[in-house]
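Thanks for coming, everyone. Let me put the structure up, and then I'll walk you through its sulfur links and its pockets.

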Amino acid sequence: LDAISGRDLRGNTLACDCKIKWLVEWLESTNTTVPAVFCSSPGQFEGQRIRDLALGDFQCITTDFVMHQVLPFQAVSAEPFTYASDLYVALAQPSASSCSILKWDYVERKLRDFDRIPAHSAVHCKPIVAQEQLYVVVAQLFGGSYIYRWDTAVDKFIKIQDIDSQKIRKPNDIEAFQIEGDWFFVIADSSKAGSTSLYRLNQNGFYSHQALHAWHRDTDVEYVENDGKPRLIISSSSQAPVIYQWSRAQKQFVPQGEVGEMLDVQMVKHFRAKREQFLCLSRYIGDSKVVRWEGQRFVEVQTLPSRGSMVMQPFAVGQRQYLALGSDFSFTHVYLWEEEKQKFAKFQELSVQAPRAFRAVPAADVQLLLAPSFKANTLVYRHVVVDLSL
């Protein structure tokens with residue numbers, strides 16, 4: 001093009017989209033004589049001279065989730081973790097009676113088998129790396145729940161502890177966190193006779209620290225820290241989600257209130273956008289909600305149709321905030337947060353059968369999204385950035 005002294009583009013109906021961004025760049029730098037040519041579309045550029053367009057007018061960078069790997073098994077939870085500088089993922093596989101530990105292969109850029117922990121009815125396998133030790137809390141529907149530790153002397157997982165089966169009868173979710181240097185994990189119990197319970201790590205293992213929420217058929221628990229105040233939010237089949245706040249004086253969580261009047265919340269997850277905190281509340285029957293957390297008050301931001309939803313997971317990749325809303329009856333919908341509107345916009349559909357979790361996994365230069373399925377293969381998607389002007 002630089003060898004051309006004149007170029008006449010008049011008479012062409014040019015759509016001023018990303019496909020002509022290269023032309024705008026060329027017109028800015030060329031000495032070639034080009035008579036004025038105008039945009040025919042889209043509406044905001046119609047009739048405007050192309051030479052007057054700015055490169056900033058073209059929003060050509062988009063993203064996509066593409067299939068990266070198919071894991072040939074069903075799973076109901078996925079938990080990434082880093083141990084000894086390597087990346088792993090722990091997956092609960094009730095149909096295979098195990099917790100599978102996969103290791104990221106930096107050469108092949110794939111997840112591969114590493115080890116398995118026997119777990120006849122596993123619903124959650126929670127890795128905790130504390131004090132340079134690797135623990136895995138194995139929650140089972142039947143036969144009790146256990147804690148394993150990775151023994152470097154023999155390179156295998158060793159069972160070190162049983163979890164009180166009178167309190168934890170039907171576990172459903174596990175969260176692990178640190179408060180004031182101490183490690184804790186909490187198990188949400190979904191039975192009518194059990195109790196969501198908090199455990200604390202000492203020199204010999206994890207021991208019962210507090211019974212939190214008894215006989216409420218809890219479905220999920222989320223740890224949130226805001227303004228330096230640790231909180232737990234517990235969703236339940238029998239009442240609105242309950243908030244507990246950590247008392248430094250009592251060294252326990254104390255009830256603080258409820259999240260609105262919404263019943264039958266399957267899962268509660270949080271995310272931050274700028275300085276504000278939001279909660280995502282998924283429901284199997286009825287619409288799911290996104291609410292903004294304003295201290296003691298919750299303001300509804302958005303309602304999302306979600307028939308058959310068991311999981312609603314916000315996650316961030318770089319500066320982009322996404323939300324994956326799964327369903328047992330239709331496609332998974334991925335939404336993208338629009339900061340100006342303070343809402344999620346539909347972004348992409350993923351074909352995942354009966355998803356039970358979504359986990360973003362940063363694997364070196366690859367950003368992954370794991371989608372465990374209750375009825376089919378577990379899928380691994382890769383987040384890609386696409387320049388539409390190329």
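Let's start with Cys-99 and Cys-125: the torsion about their S-S bond is about -80 degrees, so this disulfide is left-handed. By disulfide I mean a pair of cysteine sulfur atoms within 2.5 Å, and here the S to S distance is 1.8 Å. Cys-99 sits in strand E6 (residues 98-105) and Cys-125 in strand E8, so the pair ties together parts that are 26 residues apart in sequence. Helices (H or I, at least four residues) and strands (E, at least two) are DSSP runs, numbered from the N terminus.

A quick word on the source: this is a predicted model, where local features need pLDDT of at least 70 and side-chain atom pairs count only at pLDDT 80 or more, while totals for chains, interfaces and linings use all residues. Residues are numbered from 1 along each chain as its sequence is written, and side-chain values use heavy atoms, with hydrogens and water left out.

How many disulfides does the rule give? The count comes to three. Cys-16 joins Cys-39, S to S 1.9 Å, and Cys-16 is in the loop between strand E1 (14-15) and helix H1 (21-29), with Cys-39 in strand E2 (residues 39-41), 23 residues apart. Then Cys-18 and Cys-60 pair up, with their sulfur atoms 2.2 Å apart; this link is left-handed as well, with -105 degrees about the S-S bond. Number the bonded cysteines in sequence order and you get the pairing 1-3, 2-4, 5-6.

Buried or exposed, what is Cys-60? Cys-60 is buried, with a relative accessible area of 3%. Buried means under 20% relative accessible area, exposed over 50%, and partly exposed in between (1.4 Å probe, protein chains only).

Now, the pockets. On a 1 Å grid over the protein atoms alone, a pocket is an open set of points where a 1.4 Å probe fits, with protein on both sides within 12 Å along at least five of seven lines; lining residues have an atom within 4 Å of a point. The largest pocket holds about 680 Å³ of space. Of its 29 lining residues, the closest to the centre are Val-123, Asn-172, Thr-219, Met-310 and Arg-356.

Key
Grid points are joined across faces, edges and corners, and a volume is the space filled by probe spheres set on the points.
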